Amino acid sequence: MIVLDKKYVFHIPLYKFENNDFVLIDINNILDDLINQLNQNGYDSFYIMNGKGYYKSQAFDELLITVFISQEQLKIKNQEFPDSIFKNWFKRNNNILKQEAFAYEYENNMFIWELNEN
(Lines give C-alpha, C1' and ligand atoms only; values in the text may rest on other atoms or scores of the structure.)
Protein backbone atom coordinates (compact mmCIF):
# COMPACT_ATOMS: atom_id res chain seq x y z
CA MET A 1 0.00 0.00 0.00
CA ILE A 2 1.20 3.50 -0.85
CA VAL A 3 0.44 6.30 1.59
CA LEU A 4 0.67 9.88 0.37
CA ASP A 5 0.56 11.64 3.73
CA LYS A 6 1.62 15.19 2.88
CA LYS A 7 -0.75 17.59 1.12
CA TYR A 8 -0.14 20.86 -0.70
CA VAL A 9 -2.87 23.03 -2.23
CA PHE A 10 -1.69 25.78 -4.59
CA HIS A 11 -4.04 28.71 -5.28
CA ILE A 12 -3.79 30.11 -8.80
CA PRO A 13 -5.95 33.11 -9.67
CA LEU A 14 -7.58 33.13 -13.08
CA TYR A 15 -8.02 36.91 -12.97
CA LYS A 16 -5.79 39.89 -12.37
CA PHE A 17 -7.03 43.18 -10.92
CA GLU A 18 -6.32 46.04 -13.33
CA ASN A 19 -7.92 49.47 -13.64
CA ASN A 20 -10.37 48.68 -10.84
CA ASP A 21 -11.67 45.58 -12.61
CA PHE A 22 -10.90 41.84 -12.88
CA VAL A 23 -9.31 40.76 -16.17
CA LEU A 24 -9.05 37.11 -17.27
CA ILE A 25 -5.48 35.77 -17.31
CA ASP A 26 -4.25 33.68 -20.26
CA ILE A 27 -2.96 30.91 -18.00
CA ASN A 28 -2.63 27.87 -20.28
CA ASN A 29 1.06 28.15 -21.25
CA ILE A 30 2.35 29.01 -17.80
CA LEU A 31 0.13 26.38 -16.19
CA ASP A 32 1.67 23.74 -18.46
CA ASP A 33 5.09 24.91 -17.27
CA LEU A 34 4.11 24.40 -13.62
CA ILE A 35 2.70 20.94 -14.34
CA ASN A 36 5.90 19.98 -16.19
CA GLN A 37 8.06 21.16 -13.31
CA LEU A 38 6.03 19.14 -10.82
CA ASN A 39 6.31 16.06 -13.05
CA GLN A 40 10.06 16.50 -13.54
CA ASN A 41 10.51 16.44 -9.77
CA GLY A 42 8.54 13.22 -9.36
CA TYR A 43 5.23 14.75 -8.27
CA ASP A 44 2.89 13.08 -10.69
CA SER A 45 -0.15 12.59 -8.47
CA PHE A 46 -2.19 15.76 -8.24
CA TYR A 47 -5.62 17.19 -8.92
CA ILE A 48 -6.73 20.50 -10.44
CA MET A 49 -10.10 21.87 -9.35
CA ASN A 50 -11.99 25.07 -9.97
CA GLY A 51 -12.53 27.27 -6.93
CA LYS A 52 -13.84 30.68 -6.03
CA GLY A 53 -11.71 33.21 -4.18
CA TYR A 54 -12.44 36.59 -2.69
CA TYR A 55 -10.20 39.64 -2.64
CA LYS A 56 -11.20 43.09 -1.43
CA SER A 57 -14.86 42.01 -1.36
CA GLN A 58 -14.71 40.83 -4.99
CA ALA A 59 -15.27 37.20 -6.02
CA PHE A 60 -13.01 35.64 -8.66
CA ASP A 61 -12.38 32.20 -10.11
CA GLU A 62 -9.20 30.33 -9.31
CA LEU A 63 -7.58 26.94 -9.82
CA LEU A 64 -6.66 24.79 -6.85
CA ILE A 65 -3.88 22.30 -7.49
CA THR A 66 -3.76 19.62 -4.80
CA VAL A 67 -0.52 17.63 -4.66
CA PHE A 68 -0.21 14.57 -2.43
CA ILE A 69 3.27 13.25 -1.68
CA SER A 70 4.82 10.73 0.67
CA GLN A 71 7.14 11.31 3.60
CA GLU A 72 9.79 9.43 1.59
CA GLN A 73 9.60 11.97 -1.25
CA LEU A 74 10.54 14.72 1.20
CA LYS A 75 13.82 12.88 1.89
CA ILE A 76 15.03 12.62 -1.73
CA LYS A 77 18.16 14.69 -2.25
CA ASN A 78 18.39 17.12 -5.17
CA GLN A 79 14.63 17.18 -5.50
CA GLU A 80 12.84 20.51 -5.38
CA PHE A 81 9.90 20.52 -2.97
CA PRO A 82 6.43 21.35 -4.37
CA ASP A 83 6.16 24.63 -2.45
CA SER A 84 9.52 25.82 -3.78
CA ILE A 85 8.49 24.93 -7.34
CA PHE A 86 5.23 26.87 -6.91
CA LYS A 87 6.88 29.88 -5.27
CA ASN A 88 9.52 30.20 -7.99
CA TRP A 89 6.96 29.62 -10.76
CA PHE A 90 4.64 32.29 -9.37
CA LYS A 91 7.41 34.88 -9.03
CA ARG A 92 8.77 34.10 -12.50
CA ASN A 93 5.30 34.49 -14.07
CA ASN A 94 3.96 37.40 -12.10
CA ASN A 95 4.46 39.64 -15.14
CA ILE A 96 1.46 37.69 -16.52
CA LEU A 97 -0.39 36.96 -13.26
CA LYS A 98 0.05 40.52 -11.87
CA GLN A 99 -0.75 39.63 -8.26
CA GLU A 100 0.16 41.41 -5.02
CA ALA A 101 0.55 38.07 -3.22
CA PHE A 102 0.13 34.35 -3.71
CA ALA A 103 -0.98 31.55 -1.41
CA TYR A 104 -0.66 27.85 -0.82
CA GLU A 105 -1.69 25.41 1.87
CA TYR A 106 0.47 22.79 3.54
CA GLU A 107 -0.49 20.55 6.44
CA ASN A 108 -3.60 22.59 7.34
CA ASN A 109 -1.69 25.89 7.27
CA MET A 110 -2.16 28.70 4.75
CA PHE A 111 0.99 30.49 3.58
CA ILE A 112 0.56 33.90 1.98
CA TRP A 113 3.60 35.48 0.32
CA GLU A 114 3.64 39.16 -0.45
CA LEU A 115 5.51 39.49 -3.71
CA ASN A 116 7.81 42.15 -2.34
CA GLU A 117 9.13 39.56 0.18
CA ASN A 118 12.14 37.36 -0.61
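Guide: F68 is partly exposed, because its relative accessibility of 26% falls between the 20% under which a residue counts as buried and the 50% over which it counts as exposed. This is a predicted model, and the values that follow are computed from it. Y47 is also partly exposed, at 47% relative accessibility. A pair of aromatic rings is described by how far apart the centres lie and by the angle between the planes. For Y47 and F68 the ring centres are 6.3 Å apart and the planes stand at 75 degrees, so this pair is edge-to-face, given that planes over 60 degrees apart fall in that class. Y47 belongs to strand 4 (residues 46–55) and F68 to strand 5 (residues 58–69), so the pair ties together parts of the chain that are 21 residues apart in sequence.

By the rule for ring pairs, the count comes to 14 aromatic pairs. Another of them joins F10 and F86, whose ring centres lie 4.5 Å apart with the planes at 25 degrees, so that this pair is stacked. The pair links distant parts of the chain, since F10 sits in strand 1 (residues 6–13) and F86 in helix 2 (residues 82–92), 76 residues apart. F10 counts as buried, its relative accessibility being 0%, and F86 is likewise buried, with a relative accessible area of 0%. Both residues also take part in one aromatic cluster, which is formed by Y8, F10, F86, W89, F90, F102, Y104, Y106 and F111.

The protein chain has 3 helices and 7 strands, which follow one another along the sequence in the pattern β-β-β-α-β-β-α-α-β-β. Its radius of gyration is 15 Å, close to the 13 Å that the globule rule gives for 118 residues, so the chain is as compact as a globular protein of that length. The C-alpha atoms fill a box of roughly 50 × 25 × 25 Å, taken along the principal axes.

Of the 118 residues, 42% count as buried, F10 and F86 among them. Among the contacts in the protein chain with a separation of 6 or more, 60% are made by residues 24 or more positions apart. As for the surface, the protein chain exposes about 7500 Å², of which carbon and sulfur atoms supply 47%.

Note on methods
Residues are numbered from 1 along each chain as its sequence is written. This is a predicted model: local features need pLDDT of at least 70, side-chain atom pairs count only at pLDDT 80 or more; totals for chains, interfaces and linings use all residues. Side-chain values use heavy atoms; hydrogens and water are left out. Helices (H or I, at least four residues) and strands (E, at least two) are DSSP runs, numbered from the N terminus. The radius of gyration is taken over C-alpha atoms; the globule rule is 2.2 Å times the number of residues to the power 0.38. Buried means under 20% relative accessible area, exposed over 50%, partly exposed in between (1.4 Å probe, protein chains only). Contact means heavy atoms within 4.5 Å. Accessible areas come from the Shrake-Rupley method with a 1.4 Å probe; for residues, only the protein chains shown count as cover. Rings of Phe, Tyr and Trp (its six-membered ring) pair if their centres lie within 6.5 Å; planes under 30 degrees apart count as stacked, over 60 as edge-to-face and the rest as tilted.
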